Amino acid sequence: MAAAPPFVIEGLGKSFGSVRAVHDLSFRVEPGRVTGFLGPNGSGKTTTLRMLLGLVRPTEGRALVGDRPYAEHPVPGALVGAALEATGFHPGRTGLGHLEVYAAQVGADRARAREVLGMVGMSEAAGRKVGGYSLGMRQRLGLATALLADPPALVLDEPVNGLDPEGIVWLRQFLRHLAEQGRTVLVSSHVLGEVQHTVDDVVIIKAGQLVHASSLSGLAELADQVTRVVAPDAEAFARLAADRGWSTHPVAGRGGTPGVGADVVGASAAEVGAACFAVGLELHQLATRGTDLEDVFFRLTGHAADPTVGEGAA
Ligand SMILES: Nc1ncnc2c1ncn2[C@@H]1O[C@H](COP(=O)(O)OP(=O)(O)OP(=O)(O)O)[C@@H](O)[C@H]1O
Ligand SMILES: [Mg+2]
């Protein structure tokens with residue numbers, strides 16, 4: 001196996017007409033680790049992965065595999081194995097037939113095609129037509145295709161979609177094993193919980209922009225630092241939060257009063273209290289709320305799991 005390259009995303013952006021799918025996005029994906037690329041539907045994950053793989057031309061910045069763009073490598077398909085949305089299969093071909101077509105393109109042989117089918121638990125379906133495969137079976141075939149060249153780096157777009165619980169556990173172990181071999185493994189998902197037990201690092205985007213990148217334990221630390229604030233002057237508080245660079249998520253007041261409360265992610269109650277005191281901002285509530293990973297993910301991406309102020313603040 002060739003040396004595993006990092007992926008380097010630098011100021012990357014893509015607009016489709018007036019739709020800004022990705023904007024000013026920078027992050028790194030390191031070899032030997034599984035990185036979760038997370039964000040809600042439509043946040044720009046697939047567009048970013050397509051730019052990384054040279055399928056979409058960026059309108060700003062660049063996406064590199066190691067020291068250069070994907071397409072500038074001598075045999076890019078042998079360096080990065082990719083499985084994007086599981087749709088590009090010819091329905092009339094068998095699973096093995098499909099792999100044999102792709103094997104030829106990346107310099108793998110028929111024996112390797114059978115081998116990768118075995119690796120994804122699909123040997124028994126080798127002779128069946130892909131048109132009759134279930135979603136989970138197509139996902140496994142996509143993964144097998146990505147593995148054909150034994151690539152040192154992998155890009156998998158929502159590989160968990162359609163897998164049954166047993167398949168999810170299997171994929172988790174499989175991806176961990178690939179990373180332990182030193183490969184670079186980038187996996188997208190719109191649900192943190194799906195990949196929480198699989199990933200070492202997380203990159204979280206919202207509306208095409210980075211909101212968080214760290215190790216999984218870094219995200220867990222952030223989950224311990226959620227501070228709930230109730231300020232009667234919500235606009236002044238929002239300005240202060242923007243000044244300080246805090247990520248905030250609005251929470252409705254008791255009885256649905258809008259705009260009086262906010263959860264600040266990544267700042268302690270002491271920090272928030274001191275900052276409010278310094279500018280003379282009145283507070284009606286200031287409390288540390290431990291939360292879980294899923295919840296902090298929702299807050300970072302703008303969906304509240306618990307949208308009411310007042311009850312149970314510890
Ligand atoms: N070819 C295209 N033409 C126009 N708009 C596009 C195109 N591809 C993506 N978009 C838009 O770019 C935005 C990001 O889409 P993208 O598919 O990258 O999101 P995603 O994070 O992969 O979402 P999902 O979780 O649903 O897969 C969306 O607003 C989408 O409509
Ligand atoms: Mg997508």
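Asp 67 is exposed in this predicted model. Its relative accessible area is 56%. The cut-off for an exposed residue is over 50%, so Asp 67 counts as exposed because its 56% lies over that limit. The side chain of Asp 67 meets that of Arg 68 in a salt bridge. The N to O distance is 3.0 Å. Arg 68 is partly exposed, at a relative accessible area of 31%.

The salt bridge count comes to 12. A second bridge joins Asp 201 to Arg 33. Here the closest N and O atoms are 2.6 Å apart. This pair links distant parts of the chain. Asp 201 lies in strand β8, while Arg 33 lies in the loop between β2 and β3 (34-38). The two residues are 168 residues apart. The surroundings of the partners can be stated as well. Asp 201 has a relative accessibility of 13% and counts as buried. Buried means under 20%, so the value of 13% places Asp 201 in that class. Arg 33 has a relative accessible area of 31% and is partly exposed.

Arg 299 and Asp 295 both belong to helix α11, which covers residues 293-301. They are 4 residues apart, about one turn of the helix. Their closest N and O atoms are 2.8 Å apart. Asp 295 is buried, with a relative accessible area of 7%. Arg 299 is also buried, at 2% relative accessibility. The bridge between Arg 299 and Asp 295 is part of a network. Salt bridges that share partners join Arg 228, Asp 263, Asp 295 and Arg 299.

The backbone was examined next. Most residues other than glycine have a negative phi. Asp 24 has a positive phi of about 50°, although it is not a glycine. Asp 24 sits in strand β2, which runs over residues 19-29. It is partly exposed, with a relative accessible area of 49%. The limit for an exposed residue is over 50%, so Asp 24, at 49%, is classed as partly exposed. Asp 150 also has a positive phi, near 55°. This residue is found in the loop between α5 (135-147) and β6 (153-156). At 32% relative accessibility, Asp 150 counts as partly exposed.

The overall fold can now be described. The protein has 314 residues, and buried residues make up 48% of them. Its secondary structure comes to 11 helices and 13 strands. The C-alpha trace spans about 70 × 40 × 35 Å along its principal axes. Contacts between residues at least 6 apart in sequence were also considered. Of these, 72% join residues at least 24 apart.

The protein is divided into two parts. Domain 1 covers residues 7-215, and domain 2 covers residues 224-301. Their centres, taken over C-alpha atoms, are separated by 36 Å. At the boundary, 13 residues of domain 1 are in contact with 5 residues of domain 2.

The size of an interface is often given as the accessible area lost when the parts come together. Between domain 1 and domain 2, the buried area is about 710 Å². Carbon and sulfur atoms give 74% of this area. The two domains have 1 residue pair in polar contact, both residues at pLDDT 80 or more. They have 0 salt bridges between them.

Strand β8 gives the largest share, with 3 residues. By type, the residues on this side of domain 1 divide into 7 nonpolar, 5 polar and 1 charged.

Key:
Residues are numbered from 1 along each chain as its sequence is written. Chains are lettered from A and ligands numbered from 1 in the order in which they are written. Side-chain values use heavy atoms; hydrogens and water are left out. Domain bounds come from an automatic or database domain assignment. Contact means heavy atoms within 4.5 Å. Buried area is the accessible area (1.4 Å probe) that two parts lose on being put together, summed over both. A salt bridge is a side-chain nitrogen of Lys or Arg within 4 Å of a carboxyl oxygen of Asp or Glu. A polar contact is a pair of N or O atoms within 3.5 Å; within protein, one must be able to donate a hydrogen and the other to accept it, and residues adjacent in sequence count only if both atoms are side-chain atoms. Ala, Val, Leu, Ile, Met, Phe, Trp, Tyr, Cys and Pro count as nonpolar, Asp, Glu, Lys and Arg as charged, and the others, Gly among them, as polar. Buried means under 20% relative accessible area, exposed over 50%, partly exposed in between (1.4 Å probe, protein chains only).
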